[in-house]
Amino acid sequence: MSGGLELVKWIAFAAMVADHVDLILLDRSVPWLNAIGRFAYPAFAVAFGLGLARSTDPLAVARRLLVPGLVAQVCWLLAPGGPALNVLLSFASVAFFVAMLDRSRWHAAGALVLVLCLAPWLEGGPAGLLVASAAWAFARFREPVWLAGLLPMAVALPSVGLVAGLAAPWIGQRVNLAAPRVPGLLAWAYAAHLAALVALRAALH
């Protein structure tokens with residue numbers, strides 16, 4: 001199952017790169033690249049939540065995302081029209097909240113307040129955080145909260161991207177192809193491709 005989810009993440013990564021090429025290099029002049037990119041976030045959010053549920057140390061997951069997330073943030077500050085806080089920081093906040101759930105209700109409450117304060121500036125916004133959290137809860141507890149998490153995402157993202165993003169992890173679990181899991185590799189690949197695109201844009205302009 002892990003290999004299937006990793007494969008989904010790398011396919012979503014490729015879709016995201018297409019979207020970032022359109023944003024950073026082409027100034028949103030190629031609509032079909034942006035359309036491909038619509039698949040990326042919901043697929044990442046669901047696959048991340050399902051993967052987080054299998055982790056025995058969600059705080060380590062948050063730390064593993066934080067450093068490349070901060071590097072990527074520098075790149076976003078130099079990119080035209082990038083999100084206020086990038087997707088790695090979005091998912092790190094979800095992992096941090098999950099880690100605090102295992103401590104005490106006061107830790108969890110404090111983490112929830114922090115995440116809610118950051119949510120409007122995080123890529124995906126509150127809806128994206130909720131879907132990643134709902135995917136984690138579904139895999140961990142098999143509770144109806146999973147369905148509750150889908151409603152805001154359905155409003156926030158185009159329906160085709162939502163359906164594709166939700167279906168992709170389950171397809172990834174059932175296909176024979178798989179990608180190896182190297183902790184932190186995809187996060188650093190995210191930061192590296194942003195740095196490369198921003199540097200290329202500066203060279204071209």
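Two exercises with worked solutions follow, on a predicted model. Local features need pLDDT of at least 70 and side-chain atom pairs pLDDT 80 or more, while totals for chains, interfaces and linings use all residues. Residues are numbered from 1 along each chain as its sequence is written, and side-chain values use heavy atoms, with hydrogens and water left out.

**Exercise 1.** Classify the aromatic pairs Trp10 with Phe13 and Phe48 with Phe91, and place each pair in the chain.

*Solution.* Rings of Phe, Tyr and Trp (its six-membered ring) pair if their centres lie within 6.5 Å, and planes under 30 degrees apart count as stacked, over 60 as edge-to-face and the rest as tilted. By this rule there are three aromatic pairs. Trp10 and Phe13 are edge-to-face, at 5.4 Å centre to centre and 70° between the planes; they stand three residues apart in helix α1 (residues 2-25), separated by about one helical turn. Trp10 is partly exposed at 27% relative accessibility, whereas Phe13 is buried at 11%.

Phe48 and Phe91 are stacked, at 4.6 Å and 10°. Because Phe48 lies in helix α3 (residues 40-54) and Phe91 in helix α5 (residues 87-101), this pair ties together parts that are 43 residues apart in sequence. Both Phe48 and Phe91 are buried.

Terms used: Helices (H or I, at least four residues) and strands (E, at least two) are DSSP runs, numbered from the N terminus. Buried means under 20% relative accessible area, exposed over 50%, partly exposed in between (1.4 Å probe, protein chains only).
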